[in-house]
Amino acid sequence: MKKPYSECRFPWENVQIMADGVVKPCCWIDGAGVGNLNLNSFEEVWNGGKMQVLREYIERGEVHQMCKRRPCPYNTEPHFDL
Ligand code: SF4
């Protein structure tokens with residue numbers, strides 16, 4: 001069952017680092033994620049603009065583009081890639 005988007009806490013509590021350095025807060029986030037450790041430090045990515053904007057969207061309950069088209073448990077919008 002889907003949960004309200006604003007209840008997602010992945011960008012505050014979780015991180016995934018891909019083999020190519022891409023940083024994502026979860027496995028459902030869109031391609032480029034919120035940064036790359038080959039270009040910036042972990043602290044710069046974790047506290048960086050992309051992560052901050054994503055957190056702001058979630059707090060407002062407004063689905064960010066990075067979270068769309070993914071079958072995440074918090075996105076109640078229609079999924080176009082299924
Ligand atoms: S894709 Fe889903 S789980 Fe990942 S950050 Fe967005 S709302 Fe949270």
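Where is Asp20 found? Select Asp20: this residue is in the loop between β1 (16–17) and β2 (22–24). Helices and strands here are DSSP runs (H or I of at least four residues for helices, E of at least two for strands), numbered from the N terminus. The model is predicted, and local features need pLDDT of at least 70, side-chain atom pairs count only at pLDDT 80 or more, and totals for chains, interfaces and linings use all residues. Residues are numbered from 1 along each chain as its sequence is written.

Stay on Asp20. Asp20 counts as exposed because 8 C-beta neighbours lie inside 10 Å. The classes rest on other C-beta atoms, placed from the backbone, within 10 Å of the residue's own: buried at 20 or more, exposed at 12 or fewer, partly exposed in between.

Next, select the strands. An open sheet is made of 3 strands in the order β1-β2-β3, with antiparallel pairing. Its edge strands are β1 and β3 (35–36), each of which pairs on one side only. Two strands count as paired if DSSP finds at least two bridges between them. Between β2 and β3 there are 2 bridges, and these strands run antiparallel. Pick Val23 to see the residue opposite, Gly35 in β3.

**Between β2 and β3**

Move to Cys27, which sits in the loop between β2 and β3. Is Cys27 buried or exposed? Cys27 is exposed, since 10 other C-beta atoms lie within 10 Å. Its C-alpha atom is 10.0 Å from that of Ile17, at 10 residues apart in sequence.

**The ligand**

Select the ligand and its shell. The ligand is surrounded by 13 residues, and the closest are Cys8, Cys26, Trp28, Cys67 and Cys72. A residue is near the molecule if its C-beta atom, placed from the backbone, lies within 6 Å of it. The shell divides into 11 nonpolar, 1 polar and 1 charged. Nonpolar covers Ala, Val, Leu, Ile, Met, Phe, Trp, Tyr, Cys and Pro; charged covers Asp, Glu, Lys and Arg; the others, Gly among them, are polar.

**The whole chain**

Zoom out. The chain has 3 helices and 3 strands, in the order α-β-β-β-α-α from the N terminus. Its C-alpha atoms fill a box of roughly 35 × 25 × 15 Å along the principal axes. Of the 82 residues, 24% count as buried.
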